[in-house]
Every structure is written in C-alpha cells, then in structure tokens.
Amino acid sequence: MALYASERWGNFSYALPVADGRYRVTLRFCEGHYGKRNTGAGGLGSRIFDVYCNGVALMRGFDIIKEAGGEGRPIDRTFSAIRPNAQGKILLTFVPIAGMACVNGIEVVDDSK
C-alpha cells in the first residue's frame, strides 16, 4: 500500500525515454482524496479522466472509485505492445474530465520477450 500513498494529480504528461522495442506499461491507481473515508467531498464521478499514450487513447472516462469498487482500493491497468514514438519516448498524457486526473505509479517493462 506504500506505493499508493502518494500521487501526481492535475493535467499532466510524462515523456519516458526508452530504447526501440515493445513495452508493457502498467498504470497504478488508488483514490485517496474523494470518498466518504477520505478528505475530499464527493465520491463516484468526482474524478474522471482520459489517459493517452503517444496520442492514442488508452482509457476514456476512467473513474477510479467506479473501476476499483470504492475509494482506497488499488487498481492497476496494464497495456502491452506499447512502442516508443519517433523520438524514442513513450508519451503518457493524463487529461481531466471531472476533478483532476491522477496516477500513483507507472511501471514500464520490456514486452518483447
């Protein structure tokens, strides 16, 4: 649970430099702000966002509380066969729809084996 104790939130992106190849990207989430047991007012529908990789939607309308079945419950989403762009980067963009986008962790591993 220590992995989910902090988060980045807002409207943000990452440019992760990688060698040419295929990668498995895991995004880790846990709602630690909204919900009855947390400090933020609201709950379901309070934080909805999209995630793009190299300009292509990975997730649209993602609501952590809805997908995890409640606040404070970790949920991971893994995407395989991700390739870097022409500049050798995996670009991850988090775009808020309601509230702010957030992520607790990002894992990138070689997926070519």
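Guide: Welcome! One definition to start: a residue is called buried under 20% relative accessible area, exposed over 50%, and partly exposed in between, using a 1.4 Å probe and protein chains only. The model you see is predicted, so local features need pLDDT of at least 70 and side-chain atom pairs count only at pLDDT 80 or more, while totals for chains, interfaces and linings use all residues. Residues are numbered from 1 along each chain as its sequence is written, and side-chain values use heavy atoms, with hydrogens and water left out.

Visitor: Thanks! How many residues of strand E3 are buried?

Guide: 6 of the 7 residues of E3 (residues 23–29) are buried, so the rest of the structure largely encloses this strand. Strands here are DSSP runs of E with at least two residues, helices are runs of H or I with at least four, and both are numbered from the N terminus.

Visitor: And which strands is E3 joined to?

Guide: Strand E6 (residues 75–82) is joined to E3 by 6 bridges and runs antiparallel to it. Strand E9 (residues 105–110) is also antiparallel to E3, again with 6 bridges. Two strands count as paired if DSSP finds at least two bridges between them. For landmarks, find Thr26 opposite Thr78 in E6, and Val25 with its bridge partner Val108 in E9.

Visitor: What's the order of the strands in the open sheet?

Guide: The order is E2-E7-E4-E5, with antiparallel pairing. At the edges sit E2 (12–17) and E5 (56–62), each pairing on one side only. Neighbouring strands are turned by 15° against each other on average, direction ignored; the axes are lines fitted to C-alpha atoms, and angles run from 0 to 180 degrees between N-to-C directions.

Visitor: New topic! How many disulfides are there?

Guide: The search of the whole structure finds 0; a disulfide would be two cysteine sulfur atoms within 2.5 Å. For Cys30, the nearest cysteine sulfur is that of Cys102, 8.9 Å away. For Cys53, the nearest is also that of Cys102, at 18 Å.

Visitor: Are Cys30 and Cys53 buried or exposed?

Guide: Cys30 is buried, at 5% relative accessibility, and Cys53 is buried as well, at 6%.

Visitor: OK, how many salt bridges does the structure hold?

Guide: There are 5, where a salt bridge is a side-chain nitrogen of Lys or Arg within 4 Å of a carboxyl oxygen of Asp or Glu. One of them is Asp76 with Arg28, the closest N and O atoms being 2.4 Å apart.
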